[in-house]
Amino acid sequence: MSGDASEKNKEVYVQDTESLAPGPVTGGGLHRQLKNRHIAMISIGGVIGTGLFVGTGGSLANGGPVGLFLGYLTMGTIVFSVMISLGEMVAFLPIPGGHIKLAERFVNRAFSFAMGWNYWYNWTIVAPAELSAAAILVNYWHPNVNDAVWVAICIIVVLTINLLGAGAYGEAEFIFA
């Protein structure tokens, strides 16, 4: 008798998880274009970015080595927790659209809408800051060249990579990291 009940519960669980899936991937569905080596280098390159080089000096001078370590430990714990949660959601329900679509699926459409605009706002602030930081770093080796030249070169490289798709992005991140 107990075997029948557990089978019934198992069937309900499978049906519930299957109802969350977007359906079979056909035609315009998901296609894996990033290899494991791309993912590894993207994560390493994301950790060791220009902000690390530019911001660490001031943080070290103000907070000392213990303050810097505690700050990295605190933020690292938060980021690790968020990324593990995001990884669990993507592994459970791989849908096209990234984290904004996951917010729609697991919370609601209004939250997803607000998250999309916050993401856009984030990149309108972060992109110029990253370009400026890259120009400052390159200017260390070539101090006689105007920073606007390095910013223009970086913009052209970023736009070109984005126009070429996920596979080109993975290769570029692998090389740059």
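Q: Is E104 buried, partly exposed or exposed in this predicted model?
A: The structure here is a predicted model. Buried means under 20% relative accessible area, and exposed means over 50%. E104 has 28% relative accessibility, so it counts as partly exposed.

Q: Which residue forms a salt bridge with E104?
A: E104 lies in helix α4 (residues 98–106). The closest N and O atoms of the bridge are 3.2 Å apart.

Q: Which helices does the salt bridge between R37 and E171 link?
A: The side chains of R37 and E171 meet with N to O at 2.5 Å. The pair links distant parts of the chain, 134 residues apart. R37 is in helix α2 (residues 36–47), and E171 is in helix α7.

Q: What is the relative accessible area of R37?
A: R37 forms a salt bridge with E171. E171 counts as partly exposed at 28% relative accessibility. R37 is also partly exposed. Its relative accessible area is 33%.

Q: Is S112 buried or exposed?
A: S112 lies in helix α5 (residues 109–141). Its relative accessible area is 7%. Buried means under 20%, so S112 is buried.

Q: Which residue has its backbone oxygen 2.8 Å from a polar atom of the S112 side chain?
A: Leaving aside neighbours within four places in sequence, S112 is in contact with I100, A103 and E104. The backbone oxygen at 2.8 Å belongs to I100.

Notes: Residues numbered from 1 in each chain as written. Predicted model: local features only at pLDDT ≥ 70, side-chain atom pairs only at ≥ 80, totals over all residues. Heavy atoms only, no water. Helix = DSSP H or I, 4+ residues; strand = E, 2+ residues; numbered from the N terminus. Buried < 20%, exposed > 50% of the residue type's maximum accessible area, 1.4 Å probe, protein only. Polar contact = N/O pair within 3.5 Å; in protein donor to acceptor, adjacent residues only side chain to side chain. Contact = heavy atoms within 4.5 Å. Salt bridge = Lys/Arg side-chain N within 4 Å of Asp/Glu carboxyl O.
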